[in-house]
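Visitor: I am new to this structure and would like to be walked through it with care. Could you show it to me before we begin?

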Amino acid sequence: MSFGVFCIRAENAASTPLWQSPYRTGDAAVFQENTLAVRAAYRARGLELARLMRIPDDHIATMCGFMAHEAERSLAELRAGNVGDLAASLRDEEAFVRDHMLTWVDDFARCARRSKTAVLYPQMIEALAAFVRNDAVLLSEAACWAEEARDACGETIPGGLGALPGSPEAAAFAEVSDALAALARLRPFGIEDHELVSISV
């Protein structure tokens, strides 16, 4: 089935597939080859779905959760001053976005936009697609910065990086950390299907 036919059959946004496979192959089946590639990317970082085989690994919510996890990892490397590990982490994130998100989120948004009944859902998906495009650029630029810092200073910058204690920047970082912690405590309905948990690799 071609993408165009597949998209036309999705009469409303609720029937728009939320996983990568149909957009890459034109086949509505779940758990295709690219699903396994996404699973391998999660496992390479020591993660897997808590309810493996219940939801396709290439579901957009799970991918976003994975990217959030990776962003936290990169932030920890930045704060520790581990610019070599930070550069590698950012390049891995960029590769994931380019290989597994940019390849279909714009098609996903176009398909949702064809809904005759949805109002907010298509706009949310379009915002997500725009965010993913911007994230790919930001990750590339941040990785370049980290690589330059590594080349100039070595693998680690003693004392780490971040705002000076008591500075306005430190206060802003604390507010952001508090907001992220509050978001992490939220338990929306159905989130357990998309949670990634640690595994031993």
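Visitor: Is Arg-150 buried, partly exposed or exposed, and what is its relative accessible area?

Guide: This is a predicted model, in which local features need pLDDT of at least 70 and side-chain atom pairs count only at pLDDT 80 or more, while totals for chains, interfaces and linings use all residues. Residues are numbered from 1 along each chain as its sequence is written, and side-chain values use heavy atoms, with hydrogens and water left out. Buried means under 20% relative accessible area, exposed over 50%, and partly exposed in between, with a 1.4 Å probe and protein chains only. By that scale Arg-150 is partly exposed, with a relative accessible area of 26%.

Visitor: With which residue does Arg-150 form a salt bridge?

Guide: A salt bridge is a side-chain nitrogen of Lys or Arg within 4 Å of a carboxyl oxygen of Asp or Glu. For Arg-150 the closest N and O atoms of the pair are 3.2 Å apart. The partner is exposed, with a relative accessible area of 60%, and its name is Asp-151.

Visitor: How many residues apart in sequence are the parts tied together by Arg-54 and Asp-193?

Guide: Arg-54 forms a salt bridge with Asp-193, and their closest N and O atoms are 3.3 Å apart. Arg-54 lies in the loop between E1 and H4, whereas Asp-193 lies in the loop between H8 and strand E2 (196–198), so the distance in sequence between the parts that the pair ties together is 139 residues.

Visitor: Which elements does the chain hold, and in what order do they run from the N terminus on?

Guide: Helices (H or I, at least four residues) and strands (E, at least two) are DSSP runs, numbered from the N terminus. The chain has eight helices and two strands. From the N terminus on, their order is α-α-α-β-α-α-α-α-α-β.

Visitor: What share of contacts between residues at least 6 apart in sequence joins residues at least 24 apart?

Guide: A contact means heavy atoms within 4.5 Å. Among the contacts in the chain between residues at least 6 apart in sequence, the share that joins residues at least 24 apart is 71%.

Visitor: What phi does Met-53 have, and where does Met-53 lie?

Guide: Most residues other than glycine have a negative phi. Met-53 is not a glycine, yet its phi is positive, at about 75 degrees. Met-53 is exposed, with a relative accessible area of 51%, and its place is the loop between strand E1 (47–49) and helix H4 (60–80).

Visitor: Where is Phe-31 found, and what is its phi?

Guide: Phe-31 is found in the loop between helix H2 (21–25) and helix H3 (33–44). Phe-31 is partly exposed, with a relative accessible area of 27%. Although Phe-31 is not a glycine, its phi is positive, at about 55 degrees.

Visitor: How many positive and negative side chains does the chain have, and how far apart do the centres of the two sets lie?

Guide: Lys and Arg count as positive and Asp and Glu as negative, while His and the chain ends are not counted. The place of a charge is taken as NZ of Lys, CZ of Arg, CG of Asp or CD of Glu. The chain has 19 positive and 29 negative side chains, and the distance between the centres of the two sets is 7 Å.
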